[in-house]
Amino acid sequence: MDISPALRKYTNLLSKSKVIISFINTLESQIVDYLFLTDKTAGTKAGSKLKDEVMKIMPVQKQTAAGQRTRFKAVVVIGDENGHIGVGVKLAKEVQFAIKGALMAAKINLVPVRRGYWGARIGEPHTIALKMRGKCGSVTVRLIPAPRGIGIVGAPVTKKILQLAGVKDCYTGSGGKTRTVENFIKACYNALHKSYKYLTPDLWKDITPTEHPYSKYADKVDELKLTFQKEKDDAAKMHT
């Protein structure tokens, strides 16, 4: 989790919301580590708000001229249980390197999750803001807002992802080959990724209407037209 002084200097200029909600591409996992420290003044000694879960480890083989080459694929989900979720996948010759690489990829792929209410806006947001659908391969996942106290109704995979994202109540539905855990996880992640991409009225910005340039400079345009016409007439008289 070490971060250079120069990187820390520029990271301090950005808040977590600016980096994550603005979908700024983070190319260094250390930046995400620094943004999610419990106490930034303590540096790397402080704990992280992010929690990770290894969802799947599976061997994969590739046929080469020398025979079969076996490697391991790890799928890791990371979240802070407060509106952020990330998924990472990595292949490596050893399991521990695959998990480490997937964890770094998940931090880089961290996205915000927009939460909302079902019914009255009382207390903190507890469910997703609107219906969402995600797809990966043959797997489709649909998320529907639920009343407070219902909990997460769905498969263990979607339950874990939604818990790490900070969603407490949600109805879920899935279709396709959900036994393919990697696609199942990515489909749920894609659905949550769309939460801030829908521009609902409460996200509309207040834009002050401005006068159109055509009407603002209409008098000057008329003057220029008369000037050009006069110059054109004078030039025609000179040639005749």
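I began with the salt bridges (a side-chain nitrogen of Lys or Arg within 4 Å of a carboxyl oxygen of Asp or Glu), and by this rule I count 5. I note that this is a predicted model, in which local features need pLDDT of at least 70 and side-chain atom pairs count only at pLDDT 80 or more, while totals for chains, interfaces and linings use all residues. Residues are numbered from 1 along each chain as its sequence is written, and side-chain values use heavy atoms, with hydrogens and water left out.

I looked up Lys 107 next and found its salt bridge with Asp 33, where the closest N and O atoms are 2.7 Å apart. Because Lys 107 lies in helix α4 and Asp 33 in helix α3 (residues 29-35), this pair ties together parts 74 residues apart in sequence; helices are DSSP runs of H or I with at least four residues, strands runs of E with at least two, numbered from the N terminus. Both Lys 107 and Asp 33 are buried, where buried means under 20% relative accessible area, exposed over 50%, and partly exposed in between (1.4 Å probe, protein chains only).

I then turned to Glu 182, which forms a salt bridge with Lys 73 at 3.0 Å between the closest N and O atoms. Glu 182 lies in helix α6 (residues 181-193) and Lys 73 in strand β2 (residues 67-79), so the pair ties together parts 109 residues apart in sequence. Glu 182 and Lys 73 are buried as well, and salt bridges that share partners join Lys 73, Glu 182 and Lys 186 into one network.

Last, I checked Val 95, which is placed in helix α4 (residues 95-108) and is partly exposed at a relative accessible area of 31%.
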